[in-house]
Amino acid sequence: MTTQTSKLPEEKKKQLCALLGDVDLTLLYKASVHGYNGAAFHQLCDRQGPTLLVAYNSSGYIFGGYTSKDYTQSGQYVTDEDAFLFYYQGKIPVCVKVNSGQYARIDDSGWPNFGQYLHFCYNNQPTLLYQGGNAFTINATLMYGNDGNLTECEVFKIEKMSQASVEEKPWRNIAWKEERKEELVKSLKTYKPLVSSVNRVRILMIGPVGAGKSSFFNSINSIFMGHVTNKAIAGSTSTSLTTQFRTYPVKDGREGKPLPFVLCDTMGLEEQTGAGLDIEDISSILRGHIPDRYQFNPMAPFEPDEQKSSKPASLEQKIHCVVFVIDATKISLMSSKLEEKLAAIRKKVISLGIAQIVLMTKIDEACPLVEEDLQKVYVSSYIKSKVQEVSSRLGVPVSCVLPVKNYSQELELNLNCDLLLLTAVQQMLRSADDYLDDISPTE
C-alpha cells in the first residue's frame with residue numbers, strides 16, 4: 001500500500017499536535033486520493049479513536065475540527081466536550097470549542113460533519129457547506145473566507161507519543177521522601193500569618209469549569225484526614241458544579257483544630273457572556289464582601305448591603321492569595337475569550353496588590369511519562385513546555401506555576417502526589433505572606 005503524503009505544512013502540524021497534547025498525527029484519509037465521499041471516509045476512519053480533520057480551500061485557508069469520539073455510523077447525536085473547530089489567524093491556530101449542552105456532531109453514514117450544520121465533502125463533492133447552528137460559534141469569514149470550494153480534505157488519527165523526552169537534569173528539585181512530607185505537614189500546621197490580626201490566610205481558587213478547583217481542596221483535605229475525601233463537589237461537566245462561594249477550612253484530622261489557612265472555592269469561569277463566574281463577583285470576593293454559601297447568579301452580580309459595603313472588610317476577611325487553576329491538557333485549547341477573562345481578573349488582582357499563583361492540574365493526563373511515574377514531572381520536557389506556555393499566556397513568572405496531580409479516582413493516598421500538593425500550599429502561604437508584608441504598614 002502506497003504511503004500518502006499530507007498537505008499539512010510541518011510548522012502547522014507541530015502547532016496542532018501542541019493543541020492536542022503529547023501526540024502524533026497519522027494520515028488515515030486523503031480526499032484527493034480516496035475520493036470525496038462518505039463511504040471512502042468511513043472505510044478508512046471508522047473506529048480509529050480520536051481524529052483531526054484538516055481542510056484546505058481554493059483561497060488558501062487551512063481549517064478543520066477535532067473529535068475525541070469514534071466514527072461508528074451509529075446514526076446517533078454525539079456529545080463530545082473535547083470537540084473543537086480550528087482555523088488560523090495569521091500563523092496562530094484559533095480554537096472554537098463546542099458550546100455547552102450542544103451535540104458535537106451526528107454519527108451518520110455520510111460525509112464528516114461538525115455540529116450537524118458544518119459539512120465537509122458535502123454531497124460527495126469537494127465542497128464545504130455551513131448552515132449555522134448552535135453547536136459552534138464561528139465566523140465563516142475568519143474561518144474559511146466564506147469559500148466552500150475544497151482543494152483537499154485530510155483526516156488524521158491522533159496517537160499519544162510512546163515516549164516523552166526527558167531533561168538531562170531536573171528543572172526543579174524536590175526530595176521524594178516521606179521525611180520531606182513530614183516536614184511540609186509540620187510547617188503548614190505551625191504556620192502563622194505574618195500579620196497578627198489575621199488568624200487564617202484566605203486563598204481564592206479561580207479557574208475554568210472542570211480545571212480542578214474543588215478537587216484541589218479535596219486533595220489537601222485528604223492529606224490531613226489521612227484518607228481520600230470528597231467534601232467539596234467535584235467532577236467533570238461542561239458547566240460549573242460549584243454554584244456557591246464556599247470557604248473550606250482544613251482541619252488537622254477529623255477531631256483536630258483548623259489549620260491556619262482557608263481555601264475559597266468559586267463558580268468556574270466560562271467563555272460565554274452571562275455564564276459562569278462574573279468578574280464583578282470576583283472583585284467583591286477579593287475585598288471580603290461575599291459571605292460563605294452565597295449563591296452565584298451569572299446574570300446578576302453580587303450587590304452588597306449598602307450599610308455594610310460602606311465599611312471596608314477587615315484584613316482577616318479579604319483574600320490574601322489568588323490561585324489560578326489551569327488544566328494542563330487544555331492549555332493550548334484555551335479560547336481567546338477565556339484568556340481575555342483571565343487577563344481582566346489578573347488586572348483586578350494586581351490592582352489590589354494580591355499575590356498570585358498558578359496551579360497546573362492533570363499533569364498525569366497531559367504526559368504519559370508522568371502518568372507512569374509522578375516523580376518524572378520535573379524531568380519531563382513536555383510538562384516544562386506546558387509550564388512555560390502557562391507563564392506566557394497568563395503573564396506570570398515560571399516560578400509561580402506549580403504542577404500538581406489532584407486525587408480523582410484513587411482510593412488511597414500517594415506519597416508523590418502529596419509532596420506536589422503540599423509544596424503548592426507552602427508556596428501559596430509564602431505568597432500570602434509577601435502580600436501581608438507589603439500592606440501591613442497601611443492596615
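Me: How many aromatic pairs does the structure hold?
Reply: The model is predicted, so local features need pLDDT of at least 70 and side-chain atom pairs pLDDT 80 or more, while totals for chains, interfaces and linings use all residues. Residues are numbered from 1 along each chain as its sequence is written, and side-chain values use heavy atoms, without hydrogens and water. Rings of Phe, Tyr and Trp (its six-membered ring) pair if their centres lie within 6.5 Å; planes under 30 degrees apart are stacked, over 60 edge-to-face, the rest tilted. The number of aromatic pairs is twelve.

Me: How are Tyr-66 and Phe-84 arranged as an aromatic pair?
Reply: The ring centres of Tyr-66 and Phe-84 are 5.3 Å apart. Their planes make an angle of 25°. That pair is stacked.

Me: How many residues apart in sequence are the parts that Tyr-66 and Phe-84 tie together?
Reply: Helices (H or I, at least four residues) and strands (E, at least two) are DSSP runs, numbered from the N terminus. Tyr-66 sits in strand 3 (residues 62-67) and Phe-84 in strand 5 (residues 84-89), so the pair joins parts whose separation in residues is 18.

Me: Are Tyr-66 and Phe-84 buried or exposed?
Reply: Buried means under 20% relative accessible area, exposed over 50%, partly exposed in between (1.4 Å probe, protein chains only). By that scale, both Tyr-66 and Phe-84 are buried.

Me: How are Phe-114 and Phe-136 arranged as an aromatic pair?
Reply: The centres of Phe-114 and Phe-136 are 6.4 Å apart. The angle between their planes is 75°. The pair is edge-to-face.

Me: Where does Phe-136 lie?
Reply: Phe-114 is in strand 8 (residues 113-114), so its pairing with Phe-136 ties together parts that are 22 residues apart in sequence. Both residues are buried. Phe-136 lies in the loop between strand 10 (128-130) and helix 4 (140-144).

Me: Which residues do ring pairs link into a cluster?
Reply: Phe-114 and Phe-136 belong to this cluster.

Me: What share of the contacts with a separation of 6 or more comes from residues 24 or more positions apart?
Reply: The protein has 13 helices and 18 strands. Of its 443 residues, 52% count as buried. Contact means heavy atoms within 4.5 Å. Among contacts with a separation of 6 or more, the share from residues 24 or more positions apart is 71%.

Me: Are helix 6 and helix 13 roughly parallel or roughly perpendicular?
Reply: Axes are lines fitted to C-alpha atoms, for helices over the stretch in contact, and angles run from 0 to 180 degrees between N-to-C directions. Helix 6 (residues 213-225) and helix 13 pack at about 105°, with axes 10 Å apart. Angles under 35 degrees are roughly parallel, over 145 roughly antiparallel, 65 to 115 roughly perpendicular and the rest oblique. Helix 6 and helix 13 are therefore roughly perpendicular.

Me: What is the handedness of the crossing of helix 5 and helix 13?
Reply: The axes of helix 5 (residues 178-190) and helix 13 come within 10 Å and cross at roughly 35°. A crossing is left-handed if the near helix is turned anticlockwise from the far one by less than a right angle, and right-handed if clockwise. For helix 5 and helix 13 it is left-handed.

Me: Which residues does Gln-426 touch, not counting those up to four places away in sequence?
Reply: Gln-426 is in helix 13 (residues 415-439). Its relative accessibility is 12%, so Gln-426 counts as buried. With close sequence neighbours left out, up to four places away, Gln-426 touches Arg-180, Leu-184, Ser-187 and Leu-188.

Me: What distance separates the C-alpha atoms of Val-325 and Leu-359?
Reply: Val-325 is in strand 16 (residues 321-327). Its relative accessible area is 0%, so Val-325 is buried. Val-325 and Leu-359 are 34 residues apart along the chain, yet their C-alpha separation is 4.7 Å.

Me: Which residues does Tyr-122 touch, not counting those up to four places away in sequence?
Reply: Tyr-122 is in the loop between strand 9 (118-120) and strand 10. At 32% relative accessible area, Tyr-122 is partly exposed. Leaving out residues up to four places away, Tyr-122 touches Trp-111, Thr-127 and Leu-129.
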